[in-house]
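Hi everyone, thanks for coming. Let me put the sequence and the structure up on the screen before I start talking.

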Amino acid sequence: MSFSVEERGRDNTADYRLYFRNAEGKYISPFHDIPIYADEAENIFHAVVEVPRWTNAKMEVRNLQHLPKYILNISSHFLYVCSRGEVIRVKVLGTLALIDEGETDWKVIVINLEDPEAEDFNDIEDVRRLKPGFLEATLDWFRMYKVPDGKPENQFAFNGEFKNRDFAIKTIKDTHSFWKALISKKTDAGELNCMNTCVSDSPFCCSAGEAQAVVDSVSVFCITHRIIIQSPEASTRLGTFEHNEPLIAFFSNNTRGLFGFNRRLCNSKLFKDDFD
């Protein structure tokens, strides 16, 4: 399964957008149209990179309009060397329940399957054993990262305890069931944008022409195309996963929608299935 991205607008401005296409060249919603599973039988998930390593521009899939925001002192130790918008296959290791302004924001801890040490990491205790101090540093970072903006320290459920792989996967699947109700209009979406192009049973499914109109409404200051992932069975793997150490990435289940990225305070996220 492969995807490409198209950049529009000027980088580092509120006009910047990153649009996604599938292998057929069809514009898709990275919230709704990228399958949650890369391999359901093995519990391997898809995730998209929003904040590559060495960057601090906080990107998230756009739902409501927000201006670009940057986070101070973001530690590059926690993020992969990947391209913005790159779709990767990940193995879930555990989760942390951050309380974000009164709402639970699950931080799912995963490892890229392309990581040379991926076979050594199968649960949260493997991180504690093989990367001593890593989880503690992660907890501290999530506790403090909003303080430079004048906000209080974040709080955590379970006294800041990292829950294991089984707990994390159950949480992902429970959340996915909520998304199914949302995209099928069995629950009120409120201000959330459920527009998609691939969930054929969804009342929010739009035509290719309607999706094109969304993209065309944005400035064409800069247009580039990049292939960001290719299926494992393909003869040539595109994209880059090279790095000098095995790094565990973080994914959040905050709401996202429509067809493009916009900068905002958020980390990389797991994506939803089309449940056809």
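I'll go through strands, salt bridges, a nonpolar core and a pocket.

Before that, some ground rules. What you see is a predicted model, where local features need pLDDT of at least 70 and side-chain atom pairs count only at pLDDT 80 or more, while totals for chains, interfaces and linings use all residues. Residues are numbered from 1 along each chain as its sequence is written, and side-chain values use heavy atoms, with hydrogens and water left out.

Let's begin with strand E2, residues 17-21. Five of the five residues of E2 are buried, so the strand is largely enclosed by the rest of the structure. By buried I mean under 20% relative accessible area; exposed is over 50%, and partly exposed is in between, with a 1.4 Å probe and protein chains only. Arg-17, Tyr-19 and Arg-21 point one way from E2, and Leu-18 and Phe-20 point the other way.

Who are the neighbours of E2? On one account, E1 runs antiparallel to E2 and is joined to it by five bridges; two strands count as paired if DSSP finds at least two bridges between them. Glu-7 stands opposite Leu-18 in that pairing. E2 also runs antiparallel to strand E3, residues 27-28, with two bridges, and there Arg-21 has Tyr-27 as its bridge partner. The hairpin of E2 and E3 has five residues between the strands, and in it Gly-25 takes a positive phi near 85°.

Side chains of opposite charge can pair when their charged atoms come close. How many salt bridges does a search of the whole structure find? The search finds 13, taking a salt bridge as a side-chain nitrogen of Lys or Arg within 4 Å of a carboxyl oxygen of Asp or Glu.

One of them joins Glu-6 and Arg-21, at 3.1 Å from N to O. This pair links distant parts of the chain, with Glu-6 in strand E1 (residues 3-8) and Arg-21 in E2, 15 residues apart. Glu-6 and Arg-21 are both buried.

Another has Lys-146 and Asp-100 meeting at 2.6 Å, N to O. Here too distant parts of the chain are linked: Lys-146 sits in the loop between helix H2 (134-144) and strand E9 (155-156), and Asp-100 in strand E7 (residues 87-100), 46 residues apart. Both Lys-146 and Asp-100 are buried.

Then there is Glu-125 with Arg-128, whose closest N and O atoms are 3.4 Å apart. These two are three residues apart in helix H1 (residues 124-130), so about one helical turn separates them. Glu-125 is partly exposed at 47% relative accessibility, and Arg-128 is partly exposed at 33%. Elsewhere, salt bridges that share partners join Glu-6, Arg-8, Arg-21 and Asp-216 into one network.

Now please look at strand E5, residues 44-48, which is largely enclosed by the rest of the structure because five of its five residues are buried. Ile-44, His-46 and Val-48 point one way, Phe-45 and Ala-47 the other. E5 pairs with strand E4 (residues 37-39) in the antiparallel sense over two bridges, and Tyr-37 stands opposite Phe-45. E5 and E7 also run antiparallel, joined by five bridges, with Val-48 opposite Val-87.

Next, the core.

In soluble globular proteins, nonpolar side chains tend to be buried together. A nonpolar core is a set of buried Ala, Val, Leu, Ile, Met, Phe, Trp, Tyr and Cys residues joined through side-chain atoms within 4.5 Å. The largest one has 16 residues, and those touching the most other members are Leu-96, Ile-124, Val-127, Leu-135, Phe-142, Phe-156 and Phe-162. E7, strand E8 (103-112), H1 and H2 each supply at least two residues of this core, and H2 gives the largest share, five residues.

Last stop: the lining of the second largest pocket divides into six nonpolar, two polar and three charged residues. Ala, Val, Leu, Ile, Met, Phe, Trp, Tyr, Cys and Pro count as nonpolar, Asp, Glu, Lys and Arg as charged, and the others, Gly among them, as polar.

Thanks, everyone!

Definitions and conventions:
Helices (H or I, at least four residues) and strands (E, at least two) are DSSP runs, numbered from the N terminus.
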